[in-house]
Amino acid sequence: MARATEKTEKPEKEPNRLKQMWQVFQMTRRYDGTIVWWMLLCLVLPIAAGIVVALLTARDNVFSLVLYIIVGVLVGVLLAIIVLGRRAERAAYAGIAGQPGAVGAVLKNSLRRSWVGSEMPINISPRTQDAVYRAVGRGGVVLIGEGPRSRTQPMLEKERANVARILPNVPINFLYVGPDPDSTPLHRIVPSLGKFKGTLTKAEVSAVSSRLASLSRGMGGIGIPKGIDPRRVRAPRPR
């Protein structure tokens, strides 16, 4: 009986890499109909370039001819995988756009090492589920409003006053993520953070983040808005 139980409790094998890539491709194609053409373009152009270079420089050398073509194939496959990963990430964000907690999911899974942020909002409206998130980096403190700008603007201004009161010399910037035409899309949050002019050193970023974290603990924690599970929004990437 014990052996039979052990056999039935064996975990299922994880899919191999090719199967994982196929699953990622299928998921991405549901949200991005152009992925097939982009991957074909990335695959064909390096191969064509390799053939042209081979014919121009190594027409009489079979070994060099084959080598150029193989290099073109490898480069094409690599570029196709990179494009698939980027498009898969964007497709994953498109699937959660507009849901409460989407900004927190981006901050948890995609934030660069030079920035410090959390999936937990620092302010949230219980009625509308609009939320404010905070990120700290070389560009200072960035407050991110999740929801219509008309509703998140007052929330951001309130948080700006709180931060300026304890950190008067630190730059404070806003990002708006919502349904407004000029809002920042989810997949552009991280690049947008990098556009703010760097004014803080690495040590200052750590000090500011710690100071704000202690302030948040003193005011009591704010639960994440009901919506998506940030731990499950990371796009599966081909390995």
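Which residues make a nonpolar surface patch of about 630 Å²? They are Phe63, Leu67, Val71, Val75, Leu78, Leu79 and Ile82. This is a predicted model. Phe63 lies in helix H4. Its relative accessible area is 61%, so Phe63 counts as exposed.

Now turn to the interior. In soluble globular proteins, nonpolar side chains tend to be buried together. The largest nonpolar core here has 21 residues. Val103, Leu107, Ile144, Leu186, Ile189 and Leu193 touch the most other members. Several elements give two or more residues to this core, among them helix H4 (62-96), helix H5 (102-110) and strand S4 (140-146). H5 provides the largest share, five residues. Leu186 touches Tyr93, Ile96, Ala97, Ala102, Val103, Val106 and Val177, leaving aside residues up to four places away in sequence. A second, separate core holds 17 residues, including Ile122, Leu143, Leu156 and Leu167.

Charged pairs come next. The whole structure has three salt bridges. In one, Asp130 pairs with Arg151, with the closest N and O atoms 2.5 Å apart. Asp130 sits in the loop between strand S2 (123-124) and S3, and Arg151 in helix H6 (residues 149-166), so the pair ties together parts 21 residues apart in sequence. Asp130 is buried at 4% relative accessibility, while Arg151 is partly exposed at 38%.

Asp182 and Arg149 also form a salt bridge, at 3.3 Å from N to O. Asp182 is in the loop between S5 and H7 and Arg149 is in helix H6, so this pair links parts 33 residues apart in sequence. Arg160 and Glu157 meet in a salt bridge at 3.2 Å. Both lie in helix H6, three residues apart, about one turn of the helix.

Key:
Residues are numbered from 1 along each chain as its sequence is written. This is a predicted model: local features need pLDDT of at least 70, side-chain atom pairs count only at pLDDT 80 or more; totals for chains, interfaces and linings use all residues. Side-chain values use heavy atoms; hydrogens and water are left out. A nonpolar core is a set of buried Ala, Val, Leu, Ile, Met, Phe, Trp, Tyr and Cys residues joined through side-chain atoms within 4.5 Å. Buried means under 20% relative accessible area, exposed over 50%, partly exposed in between (1.4 Å probe, protein chains only). Helices (H or I, at least four residues) and strands (E, at least two) are DSSP runs, numbered from the N terminus. Contact means heavy atoms within 4.5 Å. Patches are made of residues with over 30% relative accessible area and no salt bridge: like charges are joined within 9 Å, nonpolar side chains (Val, Leu, Ile, Met, Phe, Trp, Tyr) within 5 Å. Accessible areas come from the Shrake-Rupley method with a 1.4 Å probe; for residues, only the protein chains shown count as cover. A salt bridge is a side-chain nitrogen of Lys or Arg within 4 Å of a carboxyl oxygen of Asp or Glu.
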